[in-house]
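This report covers strand pairing, aromatic contacts and charges over rings. The sequence and structure come first.

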Amino acid sequence: MLKALATVAAAVLVMVATNMLMVAVQGEGSVNWNIHPTVVTIQNDLSPNTQLFAHCQSADGHDLGVHYIRFAQNIHWSFRVNRHVTTLYSCAIRWNNLPQKNITVYDAAAGEGTVCLSKCIRSVKTDGVYFFNEIRGTWDKRYSF
């Protein structure tokens, strides 16, 4: 009985220490990859009757397929940032027979996890791509067309 109690106590201590470490890492502004998934959303804010073509994939070869997104619609996917903080997603986008544009929509190594904790919204407009800064509640233009 005493041995079983000691085993349970040790397991509780490990869980508490792990949670304290995760909170400490999160407090330093680092990506907390172990708890909550990140959701990236690509939304078509071009203009009515304009369909957005998007082909997104991760740097490690996870292909999300080809999507045709109608105006005011979106696609989204979720993932957990890898423990090396090198998670990277990019998309090839185009519309109205314009040249294809390649954009990085999530780059953990560039500190993306410090501006979008869980909701990484990307808005494609006629003049560029805007990234929602979840911390400040503002839109930042990252790509110009």
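How many aromatic pairs does a search of the whole structure find?

## Aromatic pairs

The search finds seven; rings of Phe, Tyr and Trp (its six-membered ring) pair if their centres lie within 6.5 Å, with planes under 30 degrees apart counted as stacked, over 60 as edge-to-face and the rest as tilted. One of them is the tilted pair of W77 and Y89, at 5.5 Å centre to centre and 50° between the planes. This pair links distant parts of the chain, since W77 lies in strand β4 (residues 74-79) and Y89 in strand β5 (residues 88-94), twelve residues apart.

Both W77 and Y89 are buried, that is, under 20% relative accessible area with a 1.4 Å probe and protein chains only. One aromatic cluster is made up of W77, F79, Y89 and Y106.

## Basis of the model

The model is predicted: local features need pLDDT of at least 70 and side-chain atom pairs count only at pLDDT 80 or more, while totals for chains, interfaces and linings use all residues. Residues are numbered from 1 along each chain as its sequence is written, and side-chain values use heavy atoms, leaving out hydrogens and water.

Strands β2 (residues 52-58) and β3 (residues 63-69) pair in the antiparallel sense over five bridges. Strands are DSSP runs of E of at least two residues, numbered from the N terminus, and two of them pair if DSSP finds at least two bridges between them. F53 has Y68 in β3 as its bridge partner. Four residues lie between the strands of this hairpin, where G61 takes a positive phi near 95°.

## Charges over rings

The charged end of R94 sits over the ring of F53, 4.0 Å from the ring centre. A charge sits over a ring if NZ of Lys or CZ of Arg is within 6 Å of the ring centre and within 35 degrees of the ring normal. K125 likewise has its charged end over the ring of Y130, 5.1 Å from the centre.

How values were computed
Buried means under 20% relative accessible area, exposed over 50%, partly exposed in between (1.4 Å probe, protein chains only).
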